[in-house]
Amino acid sequence: MGTPGVPRLIGAASVAGACALAYGVGYERNAFTLRRLDVPVLAKGASPLRVLHLSDLHMLDRQRAKQEWIRELGRLLPDLVVLTGDVLSGADAGPSVLRALAPLLDRPGIFVPGNNDYYEPTFKNPARYFLGSRSEPKGAPIDWPGFARELVAAGWQDLTNVRADLKVSGRVIDVRGVDDPYLGRDRLDVVSGRADPKADLRLGIAHAPQPRVIDAYTADGVELLLAGHTHGGQVCLPGFGPLVTNCGIDRARARGLSRYGAGGNEAWLHVSAGLGTSPYAPIRFACRPEASLLTLTAAR
């Protein structure tokens with residue numbers, strides 16, 4: 001004879017699972033949130049610098065609510081906008097993204113692509129995230145270079161394997177960026193080198209926070225690292241956090257701000273949980289979609 005309580009437990013677990021799925025798909029994936037964080041990274045006595053960090057939009061043309069929410073971010077009037085990849089989820093999404101970003105395009109902006117900006121998404125077995133598999137089918141090509149040209153024409157700077165000096169609100173920023181590390185398209189040899197000690201800020205951006213990239217940035221003296229890709233885990237368990245990061249970074253750094261050390265140096269690392277999901281996994285749980293307004297302040 002079976003234990004009488006087992007069917008009840010199974011039934012309760014099934015109901016709880018169904019409720020969690022309905023919540024994650026029906027509500028939380030569209031519960032866009034603006035997170036505000038202070039980062040004490042500037043020289044003593046420096047006035048604050050406001051950086052809007054956007055990542056992982058995974059935009060489809062039909063996602064009007066997300067597009068309108070992004071448009072409202074223009075009211076923040078950031079000093080700098082940083083877009084860290086996985087912007088597009090469809091070959092026809094470019095115009096929608098440009099309309100959504102329009103109120104921000106007159107602000108200084110920099111960007112790099114992510115792994116999903118080159119091909120339309122396809123269905124993937126969820127088990128691959130736990131097995132560490134990187135082999136995956138490629139969808140139809142997306143014209144990322146064409147979209148990047150549109151952003152450049154609007155005034156933003158493409159930092160795909162590029163190092164540059166930016167002038168933002170009277171400050172000089174020594175900034176470097178790479179193509180997507182998850183696909184191995186990064187060219188660290190092109191952007192590496194000691195960060196400029198005379199700059200007001202030393203900044204490094206990438207889509208995926210792969211350790212080899214953020215280690216190299218930090219060892220060179222970069223003080224602020226911005227990345228995305230992880231979706232914050234996308235599905236998290238209360239009291240445990242993200243199940244996976246889908247890259248080499250540890251789970252504790254899958255989302256938010258932390259101190260990161262490499263090569264005898266330390267940097268601030270901010271990993272955005274991003275604003276979207278794959279259309280084949282339209283769920284978030286205990287990990288709301290987000291944009292982040294980082295107020296850079298004088299170091300204590």
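**Figure 1. Arg187 and its salt-bridge partner in the predicted model.** In this predicted model, Arg187 is partly exposed, with a relative accessible area of 40%. Arg187 forms a salt bridge with Asp189, and the closest N and O atoms of this pair are 2.7 Å apart. Asp189, for its part, counts as exposed, at 53% relative accessibility. Side chains of opposite charge can pair when their charged atoms come close.

Figure 2. The structure holds 13 salt bridges, among them the one between Arg64 and Asp61, in which the closest N and O atoms are 3.6 Å apart. Arg64 is partly exposed, with a relative accessible area of 44%, and Asp61 is likewise counted as partly exposed, at 25% relative accessibility. In the salt bridge that Glu72 forms with Arg75, the closest N and O atoms are 3.1 Å apart. Here the relative accessibility of Glu72 is 39%, so that Glu72 counts as partly exposed, whereas Arg75 is exposed, with a relative accessible area of 68%. Apart from these pairs, Arg35, Arg255 and Glu290 are linked in a network of salt bridges.

**Figure 3. The open sheet of six strands.** The strands of this sheet follow the order S6-S7-S8-S9-S13-S12, and their pairing is mixed. Strand S6 (162-168) and strand S12 (256-262) stand at the edges; because each has a single partner strand, one side of each is left without a neighbour in the sheet. Neighbouring strands of this sheet are turned against each other by 25 degrees on average, direction ignored. Helix H7, which spans residues 211-219, packs on the sheet and touches strand S7 (171-177), strand S8 (201-205), S9, S12 and S13, while its direction makes about 70 degrees with that of S12.

**Figure 4. Antiparallel and parallel pairing within the sheet.** Strands of a sheet pair through backbone hydrogen bonds, either parallel or antiparallel. S6 and S7 pair in the antiparallel sense, over seven bridges, and Lys167 stands opposite Val172 in S7. Two residues lie between the strands in the hairpin of S6 and S7, where Ser169 takes a positive phi near 50 degrees. Strand S9 (residues 224-227) and strand S13 (residues 265-271), by contrast, run parallel and are joined by four bridges; Ala227 stands opposite Val271 in S13.

**Figure 5. The surroundings of Cys287.** Cys287 is placed in the loop between S13 and strand S14 (290-298), and at 0% relative accessibility Cys287 counts as buried. When residues up to four places away in sequence are not counted, Cys287 touches Glu28, His231, Gly232, Gln234, Cys236, Arg255 and Ala273. One of these, Arg255, also belongs to the network of salt bridges that links it with Arg35 and Glu290. The C-alpha atoms of Cys287 and Ala31 are separated by 9.7 Å, although these residues are 256 residues apart along the chain.

Figure 6. Ala31 is found in the loop between helix H1 (5-26) and strand S1 (33-42), where, at 7% relative accessibility, Ala31 counts as buried. Leaving aside residues up to four places away in sequence, Ala31 touches Arg288 and Pro289. For the chain as a whole, 73% of the contacts between residues at least 6 apart in sequence join residues at least 24 apart.

Figure 7. Leu237, Phe240 and Leu243 make a nonpolar surface patch of about 260 Å². Phe240 lies in the loop between strand S10 (236-237) and strand S11 (241-242) and is partly exposed, with a relative accessible area of 45%. The chain exposes about 13,400 Å², of which carbon and sulfur atoms supply 56%. Buried residues make up 52% of the 300 residues in the chain, whose secondary structure comes to seven helices and 14 strands.

Definitions and conventions: Residues are numbered from 1 along each chain as its sequence is written. This is a predicted model: local features need pLDDT of at least 70, side-chain atom pairs count only at pLDDT 80 or more; totals for chains, interfaces and linings use all residues. Side-chain values use heavy atoms; hydrogens and water are left out. Patches are made of residues with over 30% relative accessible area and no salt bridge: like charges are joined within 9 Å, nonpolar side chains (Val, Leu, Ile, Met, Phe, Trp, Tyr) within 5 Å. Accessible areas come from the Shrake-Rupley method with a 1.4 Å probe; for residues, only the protein chains shown count as cover. A salt bridge is a side-chain nitrogen of Lys or Arg within 4 Å of a carboxyl oxygen of Asp or Glu. Buried means under 20% relative accessible area, exposed over 50%, partly exposed in between (1.4 Å probe, protein chains only). Two strands pair if DSSP finds at least two bridges between them. Axes are lines fitted to C-alpha atoms, for helices over the stretch in contact, and angles run from 0 to 180 degrees between N-to-C directions. Contact means heavy atoms within 4.5 Å.
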